[in-house]
Amino acid sequence: MAELKPAWIEGKVAANTHRTQNLFSLQIEADVAPFEAGQYTSLALDIDGERVAQSYSILSAPGERPLEFFFYTQLDGKLSARLSALQVGDSVLIQQLPEGAFTLNNVPPGNDLWLLATGTGVAPFLSLLKTPQVWQRFEHIILVYAVRQWDDIAYSELIDTLKKDYPDRFRFVPFVSREKVDDTIHGHIPASITNGTIERVAGRVLSLNDSQIMLCGNPGMVQDALAALEQKGFSRSIDGKTGQITLEAYW
Ligand SMILES: Cc1cc2nc3c(=O)[nH]c(=O)nc-3n(C[C@H](O)[C@H](O)[C@H](O)COP(=O)(O)OP(=O)(O)OC[C@H]3O[C@@H](n4cnc5c(N)ncnc54)[C@H](O)[C@@H]3O)c2cc1C
Ligand SMILES: NC(=O)c1ccc[n+]([C@@H]2O[C@H](COP(=O)([O-])OP(=O)(O)OC[C@H]3O[C@@H](n4cnc5c(N)ncnc54)[C@H](OP(=O)(O)O)[C@@H]3O)[C@@H](O)[C@H]2O)c1
């Protein structure tokens, strides 16, 4: 049987926002199929006669246009550095059908939703936080966003809006590992799960019965946070009905 190839369509860059030396966002006009918050698609460029493709989480909410993506520039990488140089009006190939199981449908019921991200791993969570469904399903939502330096925190306007819109239901817990910054946790997510700092700062308890936890980004964080949570009795949700942990590693 013939192998199914991804259906590539042409997208047009509507904006390229450079946030730091290493972080940028692209807005892309493209007629992709409907998707769920948390899903990703592939972007590609034809470079020296070869199609180079990588997966990227969609940061925009379903239905929102243009589509938005948030990137780390891997300087010696094959694709991201090229994407960072795109200008308004440039073409980029995009997989028409977004995919992925890192969605609310695969998260079992709960009262508190913990969204734990490093770096660009915050993208699927921002998509999710823009949807009404997540606020209907969970009473309390805690966004944990771990970066190297304070300037790496992106989308703070959106985060501030969520704080204002949901003062009693939304908590933002930033981690900064490579400089000391007031009102942030200095360190890593897994250690703060083990020693309880993350619960103290969030003002919520990680509970086997009431909490659901989504992990996204650096595979080291995902693996170490999973181990720290398993030590406390939490388990991965494989079927979307039982367990408390849903995860996606970026590389
Ligand atoms: C589901 C999913 C969603 C993603 N969403 C985003 C996103 O929203 N934003 C974003 O910036 N990135 C995202 N990524 C990562 C992205 O797909 C690329 O890996 C990244 O942009 C680097 O690509 P590159 O071609 O520039 O570098 P590459 O040439 O692929 O890699 C350069 C270096 O990056 C590291 N690396 C990259 N991929 C791997 C891997 N698979 N295994 C080990 N090391 C690796 C290694 O250090 C490697 O030497 C996502 C990945 C997945 C799987
Ligand atoms: N972001 C991406 O999508 C992407 C894709 C491909 C490759 N990379 C690689 O990641 C590097 C930079 O990416 P980034 O700036 O987005 O962020 P990052 O390196 O993932 O760092 C973000 C935060 O995660 C922390 N962290 C790192 N390892 C951890 C672990 N095992 N457990 C818990 N926390 C951990 C970092 O702490 P420390 O300061 O202590 O490191 C930092 O606070 C690049 O050199 C590149 O090779 C990133």
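Author: A residue is near a molecule if one of its heavy atoms lies within 4 Å of it. By that criterion 18 residues surround ligand 1, and the closest are Q54, S55, Y56, F70 and S80. This is a predicted model, in which local features need pLDDT of at least 70, side-chain atom pairs count only at pLDDT 80 or more, and totals for chains, interfaces and linings use all residues. Residues are numbered from 1 along each chain as its sequence is written, chains are lettered from A and ligands numbered from 1 in the order in which they are written, and side-chain values use heavy atoms, with hydrogens and water left out.

Reader: Which strand supplies the largest share of the shell around ligand 1?

Author: Strands (E, at least two residues) are DSSP runs, numbered from the N terminus. Strand 4 gives the largest share, four residues. Strand 4 (50-57), strand 5 (67-72) and strand 11 (245-249) each contribute at least two residues to the shell.

Reader: Which polar backbone or side-chain atoms lie by ligand 1?

Author: A polar contact is a pair of N or O atoms within 3.5 Å. A side-chain N or O atom of Q54 is 2.7 Å from an oxygen atom of ligand 1. For nitrogen atoms of the ligand, a backbone N or O atom of F70 lies at 2.8 Å, and a polar backbone atom of S57 at 3.1 Å.

Reader: How much of the accessible area of ligand 1 does the protein cover?

Author: Accessible areas come from the Shrake-Rupley method with a 1.4 Å probe. Ligand 1 has 940 Å² on its own, and the protein covers 69% of that area.

Methods
A polar contact is a pair of N or O atoms within 3.5 Å; within protein, one must be able to donate a hydrogen and the other to accept it, and residues adjacent in sequence count only if both atoms are side-chain atoms.
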